[in-house]
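Reader: Hello! I would like a close look at one part of this model, the nonpolar core and the residues that build it. Could you walk me through it?

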Amino acid sequence: AAAAESLPERRSLLAAALPFTQALLAQVGRTLARAQAALAWTEGSPSPPPVAPLSDAALRACLGPGGRLLRPHDLRLHVFHGGVEPGLRKVVWRYLLNVFPAGLSGQERLQHLRSKAQEYAALKVLLAARAAPAELALVAAAVRKDVVRTDRGHPYFGGPEEGHPHLAALQALLTTFALGHPRLSYCQGMSDVAAPLLAVLDDEAQAFLCFC
């Protein structure tokens, strides 16, 4: 009898939910249609021709005298459509993530990186010294929880945890960021963004700049 009584109730609930479900599906359909129109991915239209990953020659074509980046839009557009050759990621990601002020020559970019590395080293010491011990311990523990399980299958982060230089660099990078941005602090998943930056750049200060 109880089962028989619950059947009309279930039907009533489904009927009540139907208008909401239909409205939700209609909204999803409209959103998808707008996205397809914006990206010109309409049915029957030809697929865009494949674009090769950004090569060294293509990167040099975006540079002018002294190695100055003269065509940033073309660089970003090429990467958007074709990606970057793995060996160039260390160079190109710094452009894409706005590490360099506009108009720097190759030599000026090197000087900029050296200057920022010194600033980062000083900032890391200052923030750790200025933080209350309880705050520092809390942030470090939250970061450590993610660091020890981030990309451990990757050769760059693999191996024993104790004394691992790359895990220590990832820990320091994220802790420094959290202490320097107390309103944001550390959020779970930040390590998944910082880890590939560190693995590709192989430099804690540069990874910090790109992460910021």
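Author: Happy to! Please keep in mind that this is a predicted model. Let us start with leucine 59, which counts as buried because its relative accessibility is 5% and buried means under 20%. Leucine 59 sits in helix H2. Setting aside neighbours within four places in sequence, leucine 59 is in contact with Leu54, Leu75, Leu88, Val91, Val92 and Tyr95. Take the pair leucine 59 and valine 92: they are 33 residues apart in sequence, yet their C-alpha atoms are 8.3 Å apart in space.

Now for the wider picture. The largest nonpolar core has 45 residues, and Leu54, Val92, Leu170, Leu173, Leu174 and Phe211 are those with the most contacts inside it. Helices that give two or more residues to this core include H2 (56-61), H4 (89-96), H7 (165-180) and H9 (204-211). The largest share, nine residues, comes from H7. Domain 1 (50-98) and domain 2 (105-211) both give residues to the core, so it lies between them.

Not counting residues up to four places away in sequence, leucine 173 touches Tyr120, Ala194, Glu204, Ala207, Phe208 and Phe211.

Finally, a word on the cysteines. The structure holds zero disulfides. Cysteine 210 is in none, as the nearest cysteine sulfur, that of cysteine 212, is 9.5 Å away. Cysteine 210 is buried, with a relative accessible area of 5%, whereas cysteine 187 is partly exposed at 33%.

Methods
Residues numbered from 1 in each chain as written. Predicted model: local features only at pLDDT ≥ 70, side-chain atom pairs only at ≥ 80, totals over all residues. Heavy atoms only, no water. Core = buried A, V, L, I, M, F, W, Y, C linked by side-chain atoms within 4.5 Å. Buried < 20%, exposed > 50% of the residue type's maximum accessible area, 1.4 Å probe, protein only. Helix = DSSP H or I, 4+ residues; strand = E, 2+ residues; numbered from the N terminus. Domains from an automatic or database assignment. Contact = heavy atoms within 4.5 Å. Disulfide = S-S within 2.5 Å.
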